[in-house]
Amino acid sequence: MKKIYYILSSALCAGLLFNSCTKEVEVDYSNEDAYANVTSLVGTLRDGKTNKVSNPIEIRKSDYNTSVAFNVSRAPKEGIDVTVAYDAEYLAAYNKEHGTSFALYPSDRVAIQNQGKILVAPDEKVSYSLDLTIAKGDTTTLENGTTYVIPLKASVKAKDVSMSSEDSHCVYLVKNLAGESDTFKGDGAVKTFLFYEANDTNPLNTLNLKLTSGELFLDYIVLFAANINYDAQKGEVYVYFNPNIQHLLDNNDVYLQPLRKRGVKVIMGILGNHDESGLAQLSKIGAQQFAKKLADMCYSYNLDGVNFDDEYSNAPDLSNPLFSYDGHPGARLMYETKRAMPDKEVTVYLYGNMYGVGVIDGIPASEWIDIAVPDYGGSAYPVGGMTLKDCAGAAVQLDYSAGSNRKSEAQNVKSKGYGYFMMFAPFAGSIYDSKIKQQVYTMSTISEGLYGVGLQDMTEFYEKGSATPRKLR
Amino acid sequence: MLAAGILIFSACNDDNNDIESSSIELSSESIQAGPEGGSYDLSVKSSGEWRVSALCDWLTFSSLEGKSGDKLTVTVAPNGTSEVKTAVFKVFTGSAVKTVTVTSAQAFVVQLLSDPAYKATSDAEDVSISFNTNVSELKYEFSDGGDKWITVGERVEAFGKTVVNFKLSRSSEFKDRVAKVTISGADVTAPAELTFTQAQRDTAFVVGMDKILTGLEAWDKTIDIRSNVDITLNDFPTWIENKSFVKGTDKDSDGLIHSTLKVHADASAGSRLFTLSFLKESARLGFFSIKQQNPNPIWATIPDAGLREVLAEKGFIIAEEGVEKAEVVGDGMTATSVEIYSNNIKSIYGMAAFPKLTSISVKNCTYLTKLDLTDCANLTSVTVQLLSRLEEVKLGDNPVESFAVGSGSYFFSYSLAISGSKLKNLDVSSTSWYVMYYENLESIDVSGCPAITSLKSRRESWGSAAKYDILYMSKAQIDAVAAGTLKVDKSPKVTITEKK
């Protein structure tokens, strides 16, 4: 405090001298505390990812990995030994300070790299990070939905480092959601792949479709659909979101990410839209341009991939360099899309001219198609190194099939070794409660065929545009 | 004033003089390790005791502290990855710090991502194998003569992987064949190994004779069969008795099982043929002809196997598989009409062998492009239906006066020429809606029909004309149209053009 006072007063005086030639500057000396950290050495323990001392996290059925680092207000000019450890004693102080009554997340589920030891070098303001692993939650020793605390404390040997009790602690507020069901239905289990008519249906209903054994029924949902369109003025192909799709994307955290947190893969359907920019009539340049836009969409909105449905496009002007029928354009688009987003999924509906080519640029389709789903009544077939595990063995239109029993069909899909079962458009069109239940019944019979158990009765229903369910009659 | 301030500040920090004046020197501030790793010595000169600040799981240090003149040994673990790794650590005393950058060179790896054991059928096949590799030129070594049937195709880099296409040639071997491919490259310490197993070519055949061909007398024969799978036989006709079929159980060194079939044939009044088939489940692996031959046969040459099959089924001929020369028998000698209905026929040549034919109907031969009946001298009636790739009809001088392509016809062919010297009424019209969507036909040529007096050529569906718009006629026909002696019904878009 004293040292900075001298520096600042001297420097400010010098500044005043220079400025006095032009105008007067009014200096407020009343709050010197603001400059205290310039000279004193204040240490804090922070999360390495968020750089925060208080970190709310959700933990489910897998471990949570992050890191912690020790921060100092300036380069310390000498080494500082720091030890990071779980500090159970801090809980009482924390609860008192915040008026909470959290319990501790068990210390045996917290692992800190390097026995928690850090040596801060003299020229560092942020130490290297120690890996921190927080083991997954459960519902036997922990209460589901309850928030627990992990208090980590940094202990410092150096006498010049000052830390308040709050600065020396990095706290994780761990919400145990291990009791929330997810989509895992066993190793090698057939996965469900469902298209929602997004113009009619709220994807949150995914959370209401559960097996009697508790797991979520739907593994993949497709938002049907965004469109491929052509902007003649800009001379480019683009992704069009109709107002309903746009609403879901704008409210991503409400409608989509809650599903992804539970293990549901959220896929954006891409459909032709009555202009010349069809999915299976792009040139290589056009495919690369459109693939980039699809990748931007998936990364921007945190989606898991795309599904291509080659319908409703017009014949293109083949003199436009973006359009072509040559070189297997449908396959080319899938290839380029996978290149643009290799960590996302490229899926295709076997319709139009999208599917059937096994190799593009020497690369087999198994590298650029993740899932192929058939038209109603059919089975998808593998091409280019794919296997039946990459294919849906059946496709059911739920609106037409409401109330029908599809158990044997599902059993057939499972016994033949297919990887997926496709369904289309539940709760769409002119829907009413009894029809909803009929469709759930049909899905329940599919569940029986695939997993040996049916679905729980669906008691709540999310209307389009609402994040609050209503009771089903 | 500022300098004064700093002086004042400095004057107040006598305790830190040692820190401020500290110094440290290292013999090197960088370490470059190869993929094999290694130990590297650094000498440290410092104004005081030094320490090491580091956290890296592939670096270990001989000591984390020391005094001036001490040696610091840094051990870099081997880098088994295909990527260069870098890390930094710091050595310091007081406020003096030296940062050392360590680079661990990547290993040259060939890591197989696909299943290391690939099982192929006996047919030719392209197999895409994925690797993780940073080796620019891969080398391939084949065991067990694998280079005779495995070739290395294109290498492509995509999706962070290397994909190499291996081409397996078709196997004619009686046994499975196996070859290991070792994939390596310069400085690769752990080559990848890939094993291809290609299935045997399932086979069954007769040794010692290529067929049984006898006279009409009764006989007993022994047939020596070799196969590399368990086979069954097709059903025998009543005139051949299966006396015994003894199947071997063990394979010889050539991979084949020996089986023996003893058969008896009764005496016959005429030629008859049985094709013995060797079956693996429902698949036919081979066949063998057994024939009692009339000593005075009438032969027909019918090149198209599909046509021979149809005529044999109708009892017109006896035909051995793969042999164009067939014997005309039974109905083939006396029939006046025949209907040819098959998707497997590409040529209709050979129908002149049936002397009594006056009427022929050809249907659903969708790969037939040319209907040449010029040598069928007695034909008076020719009927066709759904010959969608038809390009030419030649009736020659046969007494066929009327011919129609059918009202439900549609053509993928682009042109159609019809000729016949006796033809009077020609109907090439269609009302099928297919003509609007699938038909490619652009022109019809009737210039080879000098006797026609009526031509119907309207190809329309629901009032809309198909693509066809050129009608080729001879000069005489065009004159006849003008004179009203040749009546032509056509769509307005169709123009009559003289055939030069």
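Helices (H or I, at least four residues) and strands (E, at least two) are taken here as DSSP runs, numbered from the N terminus. By that criterion, chain A has 11 helices and 24 strands, and chain B has six helices and 43 strands. This is a predicted model, in which local features need pLDDT of at least 70 and side-chain atom pairs count only at pLDDT 80 or more, while totals for chains, interfaces and linings use all residues. Residues are numbered from 1 along each chain as its sequence is written, and chains are lettered from A and ligands numbered from 1 in the order in which they are written.

**Burial and contacts**

- With a residue counted as buried if 20 or more other C-beta atoms, placed from the backbone, lie within 10 Å of its own, the buried share is 42% of the 473 residues of chain A and 30% of the 500 residues of chain B.
- Where two residues are in contact if their C-beta atoms, placed from the backbone, lie within 7 Å, residues 24 or more positions apart supply 76% of the contacts with a separation of 6 or more in chain A, and 59% of the corresponding contacts in chain B.

**A sheet in chain A**

- Five strands of chain A, in the order E6-E8-E3-E1-E10, form an open sheet with mixed pairing, where two strands pair if DSSP finds at least two bridges between them.
- Strand E6 (110–112) and strand E10 (161–162) of chain A are the edge strands, each pairing on one side only.
- Strand E1 (residues 41–47) of chain A runs parallel to E10(A) and is joined to it by two bridges; A:Val42 has A:Ser162, in E10(A), as its bridge partner.

Note on methods: Buried ≥ 20, exposed ≤ 12 C-beta atoms within 10 Å, placed from the backbone.
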